[in-house]
Amino acid sequence: MYRDIATTIYKRGEASMDGYQMPGWTWAIFAVNALIFVPTFLLVSYTLQQIYPTLAIVEDPSPPAYDPVSLNDDGQSIAEDGLAVTDEAAVSEPPLVTSSLRSTHRAVYAIAGWRSLFRGYASYLFLSVVALTVAAVLLGLGLPTLLAAPIVALVVAQPYAAWTHIVISAPSPKYFWQRLPPFKRTFQATAVPILIFFLATELASFLPKGLGMLLGMTRWNPKEPNTLPQYQKDDAWKGVLVILATLALHIFLVIPAQVVLIRVQASFLPEEDDTIVPFDRSFGGKVVPAIVGGKGYINMIDAWKSFSRASWIRLVKLYVKIFMIIIAVSFLWAAILIPEYILIANNSRKVAEL
């Protein structure tokens, strides 16, 4: 509902400027807005919503302990002070990288500065362009969205896996297309998980719309963009129900599907790639390398079971914090853009008066 109102106001504002000349300093405001809002939008929509959750999904709270190479005949390892490393010292574990937004940001930023906040973005753009292009073609042929989504999912399975590998691993001199995993293995490992994830995403969008229609909720008509719908009093509680349904679908459908998909993708990360968060490549011994006759990746059930309760709590907390940041940034944008629009409108003059 709020998006409909915003769109209508924008269309009206665009139409109301017809026949008016905006002040000369308007373009300076547009330029400053672009300098501020574009990086902010990328940080929120990509870094916060894509990179950080992916790292949290992959990070293992109890990865296999690293055992230094023994230099003694008795099998004991040597510490810096020349004493044997005790079991108590080996048990101590550092805090998780994704235990908080601050620690996650600090870890990612420490890799290569601000560029690390957009790691894998070239691959993400390629993935998005391919998905949008295929979807546009299928929808143009009259295929329903729920049928087009599985086809799009299978088409982007390989670049999606490459993106996940790039995000969770240390920087590499290879271009993203050089890091595409073998198609056969990718298809075998992720065909079902990525189908479920894309369908879950579509259902999380389709079902709330259907609920709104079922409740008779007043909706914005895209065929009449300049007409603001006449909302009724009962649209308020209907809107609340739709929002709650959307949140529930994302929490109980989309996020679990995403967790399974990303963990399956991470399970066939190439051996030469080191991860930037603690990560158990064997998933507790469930992954048998292909070189010794195994599949070389984890299945969906093991991907689900290997994600501990503590990891779920950590991921949900992360998403709650990200959601609160999105709300705060949205209000901040509104607090800046609305006064700017009023200022420009009040200082614009009709062309006939010039």
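A residue is called buried at under 20% relative accessible area, exposed at over 50%, and partly exposed in between, using a 1.4 Å probe and protein chains only. This is a predicted model, where local features need pLDDT of at least 70 and side-chain atom pairs count only at pLDDT 80 or more, while totals for chains, interfaces and linings use all residues. Residues are numbered from 1 along each chain as its sequence is written, and side-chain values use heavy atoms, leaving out hydrogens and water.

**Exercise 1.** Decide whether N33 is buried or exposed, then find its contacts.

*Solution.* Start by placing N33 in helix α2 (helices are DSSP runs of H or I with at least four residues). Next, take its relative accessibility of 11%, which means that N33 counts as buried. Now look for contacts (heavy atoms within 4.5 Å): setting aside residues up to four places away in sequence, N33 touches V38, L337 and E340. Finally, the C-alpha atoms of N33 and W333 are 9.7 Å apart, although 300 residues separate the two along the chain.

**Exercise 2.** Find the residues that touch the most other members of the largest nonpolar core.

*Solution.* First, recall that such a core joins buried Ala, Val, Leu, Ile, Met, Phe, Trp, Tyr and Cys residues through side-chain atoms within 4.5 Å. Among the 60 residues of this core, the answer is Y52, Y160, I194, F198 and L315. Then ask which helix gives the largest share: α9, with 10 residues. Lastly, pick out Y160: beyond its neighbours within four places in sequence, its contacts are L127, I194, F197, F198, L261 and Q265.

Key
Helices (H or I, at least four residues) and strands (E, at least two) are DSSP runs, numbered from the N terminus.
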